[in-house]
Amino acid sequence: MIKLNNITVVQNGVVLLENINLTIEKGSWINITDISSHQYLILLKLLEGRLAPTIGEYIFDGAQVKEFSKLQRASLRKREALNLAEDSFLNMEKTVIENIRLQLKASGIYPTKFKAIINNILNELALSHIKGNKCSNLKSNEIIQVKLAKAIASSPKLIMLNTDLIRDINVKEEVNINNIIKNSIIEKDISILTSNYNYMEKSSLIKNIKLV
């Protein structure tokens with residue numbers, strides 16, 4: 001579904017990524033190991049279409065991203081490849097429901113479908129009890145779940161998750177997040193990308209990849 005072929009990114013004479021090859025199949029969990037936080041964030045910006053490679057090709061769902069129009073690039077980052085590591089992905093001053101509505105609107109989903117989609121995703125992730133709460137009042141684990149709910153609502157092809165999002169949660173909460181990834185993301189043929197993710201390291205769900 002997604003391929004990076006011999007990607008190199010150079011900015012102001014500095015090589016940020018070099019000779020990167022990566023394939024992400026539909027409904028897979030790719031965990032990149034031995035990558036710095038800075039390099040990973042550069043990779044995420046590349047995958048969401050905000051950053052163009054200096055050398056190499058980025059193929060998304062069979063199409064060359066370098067040939068995308070501005071409108072297609074906007075659709076890529078708003079609907080198809082969602083970067084949850086961006087602070088702006090969740091509006092902390094809006095409620096859970098308002099955030100999901102924003103995602104549905106950005107994805108071009110018809111408003112008459114909003115209610116059914118939101119109710120389904122809130123029930124699926126057991127978030128109905130906090131649906132009217134401002135995100136700024138949520139606990140760390142709830143924020144992660146709401147970010148995932150907001151992303152899943154628009155049925156993207158790729159969700160990109162930063163390991164820092166799970167830094168402050170306990171083992172029980174982390175197990176719950178992994179169950180969401182398994183049951184509400186991978187089983188819906190949505191792919192997920194993480195970096196240096198240690199929990200469930202030996203699980204067959206995760207394909208660990210070292211970029212060289």
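The lining of the largest cavity comprises 6 nonpolar, 2 polar and 3 charged residues, where Ala, Val, Leu, Ile, Met, Phe, Trp, Tyr, Cys and Pro count as nonpolar, Asp, Glu, Lys and Arg as charged, and the others, Gly among them, as polar. This is a predicted model, in which local features need pLDDT of at least 70 and side-chain atom pairs count only at pLDDT 80 or more, while totals for chains, interfaces and linings use all residues. Residues are numbered from 1 along each chain as its sequence is written, and side-chain values use heavy atoms, with hydrogens and water left out. The structure holds 1 cavity of 30 Å³ or more, and the largest cavity has a volume of about 70 Å³. On a 1 Å grid over the protein atoms alone, a cavity is a set of points where a 1.4 Å probe fits but cannot get out, whereas a pocket is an open set with protein on both sides within 12 Å along at least five of seven lines, and lining residues have an atom within 4 Å of a point. Grid points are joined across faces, edges and corners, and a volume is the space filled by probe spheres set on the points. Among the residues that line this cavity are L46, L51, Y58, V65 and R73, and the largest share of the lining, 3 residues, comes from strand β4 (residues 55-60).

Strand β4 belongs to an open sheet of 4 strands, ordered β2-β1-β4-β5, with antiparallel pairing; two strands pair if DSSP finds at least two bridges between them. β2 (14-24) and β5 (63-64) stand at the edges with a single partner strand each, so one side of each is left without a neighbour in the sheet. Strand β1 (residues 2-11) is joined to the antiparallel β2 by 7 bridges, and V9 stands opposite L17 in β2. Helix α1 packs on this sheet, touching β1, β2 and β4 (contact means heavy atoms within 4.5 Å), and its direction makes about 60° with that of β2. Axes here are lines fitted to C-alpha atoms, for helices over the stretch in contact, and angles run from 0 to 180 degrees between N-to-C directions.

A second open sheet has 5 strands in the order β6-β7-β8-β3-β9, with parallel pairing. At its edges stand β6 and β9 (206-210), each with a single partner strand, so one side of each is left without a neighbour in the sheet. Neighbouring strands of this sheet are turned by 20° against each other on average, direction ignored. Within it, β7 (residues 158-160) and β8 (residues 191-195) pair in the parallel sense over 3 bridges, and I159 has I192 in β8 as its bridge partner. Helix α1 (residues 37-47) packs on this sheet too, touching β3 (29-33), β6, β7 and β8, with its direction at about 155° to that of β8. Helix α6 (residues 171-185) lies across β3, β7 and β8 and runs at about 155° to β8.

The largest pocket has a volume of about 280 Å³, and of the 13 residues that line it, R50, R77, K78, F89 and Q103 are the closest to its centre. α2 (70-80), β6 (81-83) and α3 (96-106) each supply at least two residues of this lining, with α3 giving the most, 3 residues. By class, the pocket lining divides into 4 nonpolar, 3 polar and 6 charged residues.

Taken as a whole, the protein has 6 helices and 9 strands, which are DSSP runs (H or I, at least four residues, for helices; E, at least two, for strands) numbered from the N terminus.
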